[in-house]
Amino acid sequence: MSIADVGHLLDQTALSGSLRWRRPDVASPDFDGSIDLYDDLDLYLAACADPVGIAGRLPVFRPAARYELTSCNVNWTNWSARIAEAHGKPLGTSLAVGEDTRSAVALIGRPASVFAALFAARTDRSLHLVDSLVEAVGSLAMPHSSSTLFVAPEDADDLLLFGMLGAVERMLPTDRPWDDLPRYALITGRDLAALSWMTAKLIAAASRSDAGNAGMRGVRVRRYASADSGSNVCDSTQSPDGSTSANSKHLRQSELLASYRDRSDVMAFHAHGSEACAKGGDGTVLCGLHRTDAVFEPQAEGVLACGRGQPCPRGPHPVPLRQMATDVLMLATCNGLRLADSRTRPEFNFGLSFIDGDGLAYVSSAFSCSGGGAASIAFPAAMAAGCTVGEATVLINGLLHHARLDRIAFIAIADPEHRATASARIRLTTGRLPTCIDLGSHHFAELVIADPSVLDAARNETLILTVTSDQGCEIVGYHRVQRCRDGSLAVVAMLFGFPNHLGRIHVVMADRRLASDQALATLARVDNWAELLRQFQIESANPEACEDFAALRHRLCLDVGRSLGALGIDGGTLIHLQRQLAFGDQLALAASEQLQEHLLPKLQGAFWLSNAQAEQYTFERSESAPCPTCRQSAFRRIMRHSTRGGCRTVMVCPKCGIGSDIGGGSAMTAINIEAPSLVMARRRTTVDRRRSRRPRHHGHHASAPIDA
């Protein structure tokens with residue numbers, strides 16, 4: 001009997017009395033043996049500790065009703081020791097620093113220690129029983145380690161979750177090699193039966209993986225980006241022969257519901273929601289409800305509308321996560337992994353619902369965080385490349401940290417060693433940038449950049465890596481400084497492509513501060529022109545043009561803001577930003593031409609633009625400077641806007657008058673006008689006008705003939 005079949009049976013069947021259900025004649029395709037169901041705890045524990053024929057069966061505890069721990073009299077310490085010793089896995093000592101090990105960790109004397117012992121025995125892990133959660137978290141933080149922490153749900157409070165996150169967060173800013181960072185996960189369940197079921201599934205999956213099946217079969221990875229009208233769904237499929245295919249499409253309600261039942265190895269969701277309820281798109285709802293027949297007291301807190309018999313406020317088609325047809329579910333939503341300190345009762349919980357089914361790994365955030373969209377691309381890319389769940393979780397936490405999106409937030413309920421397919425990670429080294437590299441059919445790659453200038457920029461926090469693909473693949477990534485095995489420092493870029501593979505990429509270095517300064521300067525220029533249009537009431541003369549300008553200005557501000565926020569994530573963002581700034585220059589030019597057309601007739605009278613603006617500015621300071629026209633002694637007058645904070649620099653020369661009046665955000669830095677000091681009547685002369693511009697812009701020189 002397969003794990004999926006047993007999961008369906010457990011969902012539909014209630015056992016009674018002291019029935020022991022066993023089908024020794026039916027073997028599981030995922031597990032070389034049979035599955036035994038026990039509704040008696042003593043019989044279940046005895047089966048776990050029985051070394052005879054243990055390889056031929058997998059015990060699962062399934063009581064007739066909810067099992068209350070307070071009503072049982074069990075020495076959990078003795079049972080965990082008996083189980084470990086029966087299978088040649090005596091209790092381990094404390095982990096040594098630098099030890100490369102896989103371990104199962106649990107609190108001594110707690111029920112979860114029994115499942116940790118069984119898991120360690122059946123998956124060839126070391127077993128470490130600790131006295132406190134503080135000690136448990138400390139054991140997870142060991143370099144090189146791959147640890148699985150078994151806890152009862154009431155022990156998995158926020159103190160524990162934040163402690164687990166802190167174990168990695170403290171190492172991310174260091175220059176430790178990436179492979180030194182700890183990889184860990186949590187194992188829990190809503191009760192003893194759920195913990196037993198989760199442990200059995202993971203043992204079966206590990207048995208399949210150890211047999212080499214994970215590398216021989218095809219793998220299918222899917223990502224959902226939910227929206228009101230439906231969901232944008234991306235699929236990447238790798239056949240057993242190594243060939244790959246990718247497609248993207250927008251699915252509506254009926255297609256979405258069907259896709260949730262369509263088997264895949266990994267599903268990743270980017271959705272709006274929290275704790276137990278998220279929008280799947282077009283009326284579908286990702287639901288953490290445990291049972292629809294649960295009854296709650298009217299005064300009970302933490303009960304959602306569906307628990308009161310009311311329709312779900314997020315949509316008419318809720319889909320319990322336990323029904324998702326996938327081994328690995330990554331949910332990028334707010335508060336996606338809440339346990340003991342959740343605002344809702346355990347009957348309403350994303351993670352607990354998913355592991356009630358036949359799922360093997362659930363990954364989500366412990367709190368509301370930014371960066372879920374990028375993380376939901378990087379995670380399936382890493383899993384498609386054969387990373388373990390533990391590795392993929394550390395990678396997306398690294399994305400949050402190194403791309404400056406948020407503090408790290410993602411935790412896995414899983415065996416951290418589980419992988420969807422054989423590892424296909426690739427690590428390449430390049431000496432200089434720019435460079436072009438062919439990454440082939442890989443979805444995830446590590447690029448080691450041994451360029452001193454790149455290293456200096458990274459350490460000064462000014463480095464941007466522009467990465468584009470010949471295939472047009474959207475590339476998400478980040479970089480960090482780390483120490484190589486030879487002791488030298490290098491910049492390592494983590495690059496993710498999904499659903500398409502990375503292919504041939506081009507990598508160019510850029511300066512973050514320069515890009516930011518240029519963007520802010522462009523927006524300031526556009527804002528200055530908007531202020532001038534308003535000040536001189538252009539809207540009364542041409543209201544339609546002013547409405548268009550305001551709409552385009554608003555769109556430009558939004559687009560530039562998004563691009564600045566994504567400079568450290570999306571490899572092609574700088575190119576998009578440059579196009580946006582070029583559009584901003586065109587918008588400012590159009591506004592200046594419109595203003596000139598409106599003001600030109602006024603120049604024949606007493607109107608002077610600087611005087612018209614002067615009443616809004618206050619004098620701040622002056623400084624001596626040579627006149628750019630006559631080279632005689634002059635000064636610059638610095639004026640600051642009384643409400644907006646912007647400044648103007650006015651060049652005043654006793655001989656030439658006001659030579660220039662330039663706003664602080666202007667592309668120009670100086671204006672020079674050259675003309676003869678004596679002009680004869682009825683003779684043609686030439687006036688040279690030179691404008692000096694900021695680095696991103698070219699200077700301008702014009703000569704204009706004038707009839708005197």
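Biologist: In this predicted model, is Arg 338 buried or exposed?
Modeller: The cut-off for buried is under 20% relative accessible area. Arg 338 has a relative accessible area of 8%, so Arg 338 counts as buried.

Biologist: Which residue does the side chain of Arg 338 meet in a salt bridge?
Modeller: Arg 338 sits in the loop between β15 and α9, and its partner is in helix α6, 180 residues apart. The N to O distance in this salt bridge is 2.6 Å. The partner's name is Asp 158.

Biologist: Okay, and how many salt bridges does the structure hold?
Modeller: The bridge between Arg 338 and Asp 158 is one of them. The count for the structure is 35.

Biologist: What is the relative accessible area of Glu 446?
Modeller: Glu 446 forms a salt bridge with Arg 425, with the closest N and O atoms 2.4 Å apart. Arg 425 is partly exposed at 26%. Glu 446, on the other hand, is buried, and its value is 2%.

Biologist: Which residues join Arg 425 and Glu 446 in one network?
Modeller: The network comes from salt bridges that share partners. Besides Arg 425 and Glu 446, it takes in Asp 179, Glu 391 and Arg 427.

Biologist: Let's go to the nonpolar part. Which residues have the most contacts inside the largest nonpolar core?
Modeller: In soluble globular proteins, nonpolar side chains tend to be buried together. Here the largest nonpolar core has 139 residues, and helix α7 gives the largest share, 10 residues. The residues with the most contacts inside this core are Leu 286 and Leu 399.

Biologist: How many residues are in the second, separate core?
Modeller: Its members include Ile 464, Ala 530, Phe 536 and Cys 546. The size of this second core is 24 residues.

Biologist: Now the backbone. What is the phi of Asn 335?
Modeller: Most residues other than glycine have a negative phi, and most peptide bonds are trans. Asn 335 lies in the loop between β15 and α9, and it is buried at 14% relative accessible area. Asn 335 is not a glycine, yet its phi is positive, at about 55 degrees.

Biologist: And where is Arg 404, which has a positive phi too?
Modeller: Arg 404 has a phi of about 60 degrees although it is not a glycine. Its relative accessible area is 46%, so Arg 404 is partly exposed. Its place is the loop between α11 and β17.

Biologist: Which residue is joined to Pro 499 by a cis peptide bond?
Modeller: Pro 499 is in the loop between β23 and β24. The omega of that cis bond is about 5 degrees. The residue joined to Pro 499 is Phe 498.

Biologist: Last one: how many Å apart in space are Arg 631 and Cys 653, C-alpha to C-alpha?
Modeller: Arg 631 is in the loop between β25 and β26, and at 58% relative accessibility it counts as exposed. Arg 631 and Cys 653 are 22 residues apart in sequence. In space, C-alpha to C-alpha, the distance is 9.4 Å.

Conventions:
Residues numbered from 1 in each chain as written. Predicted model: local features only at pLDDT ≥ 70, side-chain atom pairs only at ≥ 80, totals over all residues. Heavy atoms only, no water. Helix = DSSP H or I, 4+ residues; strand = E, 2+ residues; numbered from the N terminus. Buried < 20%, exposed > 50% of the residue type's maximum accessible area, 1.4 Å probe, protein only. Core = buried A, V, L, I, M, F, W, Y, C linked by side-chain atoms within 4.5 Å. Salt bridge = Lys/Arg side-chain N within 4 Å of Asp/Glu carboxyl O.
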